[in-house]
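Here is a short walk through one structure. Keep the model in view and follow along.

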Amino acid sequence: MNAQRESIDIRWKWLILSVVVVFVLYMLGSSLTPFIVAALFAYLFNPLVERFERWGMSRTLAVSLLFVLLTLVFAGILIGLVPLIERQISNFLGQLPTWIDWFRANATPWLRDRLGLDVEIPDLRQITDMLQQYWKEAGGVAATVVAKVSRSGMAIVGWMLNLVIIPVAAFYLMRDWNLLVDRVHALIPRSVEPTVSRLARESDKTLSSFLRGQLSVMIILGLIYGIGLWLVGISVGPLIGMIAGLISFVPYMGAIVGLAMGVIA
């Protein structure tokens, strides 16, 4: 009887603790965002750090090497990918009116005659003109971001703080990841420790595999779609590939959107 009462008390304590933690996280949502991003970053790349450790590196050296490699990759993306995206968006906005006119003049009658689908395309000329004008005034991706961030001094401060906090927090989280896991493990009551540890291992294996696999699939599909469309002569193929790859986490949606945009282009 006492054991049953003790078990019920433990469950109530954990329930109350969970409610309190959720409430605190909700109240501190905006302040905790950079730390959550850093924790997700550390979680995703911790296996790579452990692989460096198996090669004989210390934990600190492994994390430092990983940060150097990721910094080089990020710099390469900024230098090569951002101008490409800017050119692709400008090209896309320039061709959008032509696509709309073609769809209204050719695709709509074909769908009506062959499939009995009465598709009405509203006049989007004003919207496309507005998008083109906005893009020209914005001056591209970098200018748009800078303009939004620089509207207030506090926005600049917040942006700079996040820029500093995320990599610093991610560095120390990755360096002390195993220590943090051991500390959390030590807090688990011994009566439920085997069950919690088993569920945590299974959840970690499933979640980590899903996240890393999904990100890999999105990147690979985006490259395949973009390169394929570019090779067949579609100038905005890389942009279409990026869009299709990013939304490929929804089953079939990436392939459908990429095929539809590619056919129209």
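A residue counts as exposed when its relative accessible area is over 50%, and as buried when that area is under 20%. Values in between count as partly exposed. Keep these cut-offs in mind; they come back below. Note too that this is a predicted model.

Now try them on a pair of residues. Trp 55 has a relative accessible area of 59%, so Trp 55 is exposed. Phe 52 has a relative accessibility of 7%, so Phe 52 counts as buried. These two residues are also partners. The structure holds six aromatic pairs. In one of them, the rings of Phe 52 and Trp 55 have their centres 5.5 Å apart. Their planes stand at 45°, so the pair is tilted.

Other aromatic rings form a group. Ring pairs link Phe 41, Phe 45, Phe 67, Phe 171 and Tyr 172 into a cluster.

Step back to the whole chain. What are its elements? The chain has ten helices and zero strands. Read from the N terminus on, the elements run α-α-α-α-α-α-α-α-α-α. The chain has 265 residues, and buried residues make up 22% of them. Next, consider the contacts with a separation of 6 or more. Residues 24 or more positions apart account for 62% of these contacts.

Asp 176 lies in the loop between α6 (153–175) and α7 (177–187). At 25% relative accessibility, Asp 176 counts as partly exposed. Thr 60 is 116 residues away along the chain. Yet the C-alpha atoms of Asp 176 and Thr 60 are separated by 9.1 Å.

Helix α9 covers residues 237–246, and helix α10 covers residues 253–264. Their axes are 8 Å apart, at an angle of about 160°. That angle makes α9 roughly antiparallel to α10, because angles over 145 degrees count as roughly antiparallel. The crossing of α9 and α10 is right-handed.

Which residues make the contact? From α9 come Ile 240, Ile 243 and Ala 244. From α10 come Gly 254, Gly 258, Met 261 and Gly 262. Of the residues in this contact of α9 with α10, four are nonpolar, three are polar and none is charged. Gly is counted among the polar residues here.

Conventions. Residues numbered from 1 in each chain as written. Predicted model: local features only at pLDDT ≥ 70, side-chain atom pairs only at ≥ 80, totals over all residues. Heavy atoms only, no water. Axes fitted to C-alpha atoms, helices over the stretch in contact; angles between N-to-C directions. Helix = DSSP H or I, 4+ residues; strand = E, 2+ residues; numbered from the N terminus. Parallel < 35°, antiparallel > 145°, perpendicular 65-115°, else oblique. Left-handed = near helix turned anticlockwise from the far one by under 90°. Contact = heavy atoms within 4.5 Å. Phe/Tyr/Trp six-rings, centres within 6.5 Å; stacked < 30°, edge-to-face > 60°. Buried < 20%, exposed > 50% of the residue type's maximum accessible area, 1.4 Å probe, protein only.
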